[in-house]
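Morning, everyone. Please look at the screen while I talk.

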Amino acid sequence: MATIRPFAAIRPPQKYVEQVSCLPYDVMNHQEACAMAAGNAASYLHICRADIDTSEAEIHEPATYEKSRQNLEDFLQRGILMREGKPCYYIYRQIMWGRVQTGIVGCASVDEYLDGTIKKHELTRKEKELDRINHFDACSTQTEPVFLAYRKHEGIAAAVREWIKFHKPEYDFTSEDGVTHILWPVDDDAVIEAIRKGFEEVPALYIADGHHRTASSAAVSAKRRAEHPDYTGSEEFNYLMAVTFCDEDLFIMDYNRVVLDLNGLDESAFLARVREKFDVAPAASAPYAPKAKHEFGMCLGGKWYTLTAKDGTFDAAHPIQSLDCSILQANLLDPVLGITDPRTSPRIDFVGGIRGLHELQERAAGGVAFSLYPVTMADLFHVADSGEIMPPKSTWFEPKLRSGLFAHEIER
């Protein structure tokens, strides 16, 4: 049983939504954030990235988190943001490249994250957790949502279809990156109850993206519980804001690898080593995107090849060893190129599929690049259900959730 409950969001009035909305806080550096918010006093970056109003040197300093809180209060006082009058669900639709994904914005249970009903598949880094802990704590608000997935439930799907059919959206705009964002508040008590009960029949939720925000929300919840030992469990700090999508809607892109050198080998010697574990052939096109699992594209010396993992090089039944990124790591990156820990090695870089294979090819100069077939939602569920952790940089979800459309106040 999963809990997704309605909440009274902090969100922009319709007339301000395009000015307020922004890309997620963690997809940009300080300079890029400053450029994106330039000339826009209503940009949500003033809240989720208040270092644009302090300084790059103060990104993780108390003054920046305090500035986030002040900016949030200022936005509310100026009417750029408002508090919803009652707890609602919000249907959030994104359209990118003609693809549609539709999720429900609500609040998941921190306790269900702690007991494993909300399943994870990635490790987190303490410094990234601490940043959002300090941010959420200072603001007393979860300023950006977690991205959850669940296996399709027809009752939830029917409730969403019916609401969209008979109601006009509150927001409908296309952001500068070409993604359309549409939002319907769901304020009817009977429909709210139908959605809530539908999620009660969902056995598990899965973190698709936002492991650090989830862990940070749980940490702030623990802090609030310690500060309020008489808490009942119904307080908002016991819940974390999430957009929850049916697995059939979601789109995972390839997440590719570039190694900056050949580990002392020349191209001929390197290819000989590759052929020990892979069938190698000239690619039919350049650049080359793999057509199926266990096939790879390789750009070496300006030429593209296809690599196909040979029999016996991996365990097809194992949730981790059967992943293409694991096959590449175990059979080529580690033994041939000397990349023993891709999390820490300065010789490897990762290129999300949204950047395209031509960029991958450009970055292969002097080294070698590999294009991978995308991980599937079935792969992600298999890993999470097995209690395993995916290798780093395994999944790249598109489109990203837009920030500024809703926030969850955990204490007033």
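Predicted model: local features only at pLDDT ≥ 70, side-chain atom pairs only at ≥ 80, totals over all residues.

Residues are numbered from 1 along each chain as its sequence is written, and side-chain values use heavy atoms, with hydrogens and water left out.

Helix 4 first. Helices are DSSP runs of H or I, at least four residues, and strands are runs of E, at least two, numbered from the N terminus. Helix 4 covers residues 62-78. Its buried residues (under 20% relative accessible area, 1.4 Å probe, protein chains only) are T64, Y65, S68, N71, L72, F75 and L76. Down the helix axis they fall within an arc of 135°, taken from the directions of the C-beta atoms, so they line one face. P62 and Q77 sit on the face turned away, exposed, meaning over 50%. Just after helix 4, G79 has a positive phi of about 80°.

Now the hairpin. Strand 9 (171-174) and strand 10 (180-186) pair antiparallel over 4 bridges; pairing takes at least two DSSP bridges. Y171 bridges to L183. Five residues lie between the strands, and G178 in the turn has a positive phi of about 85°.

Last, the cores. A nonpolar core joins buried Ala, Val, Leu, Ile, Met, Phe, Trp, Tyr and Cys through side-chain atoms within 4.5 Å. The largest has 63 residues, and F270 is among those touching the most other members. Another core, of 32 residues, lies apart and includes W184.

Definitions and conventions. Expected span 1.5 Å × (residues − 1).
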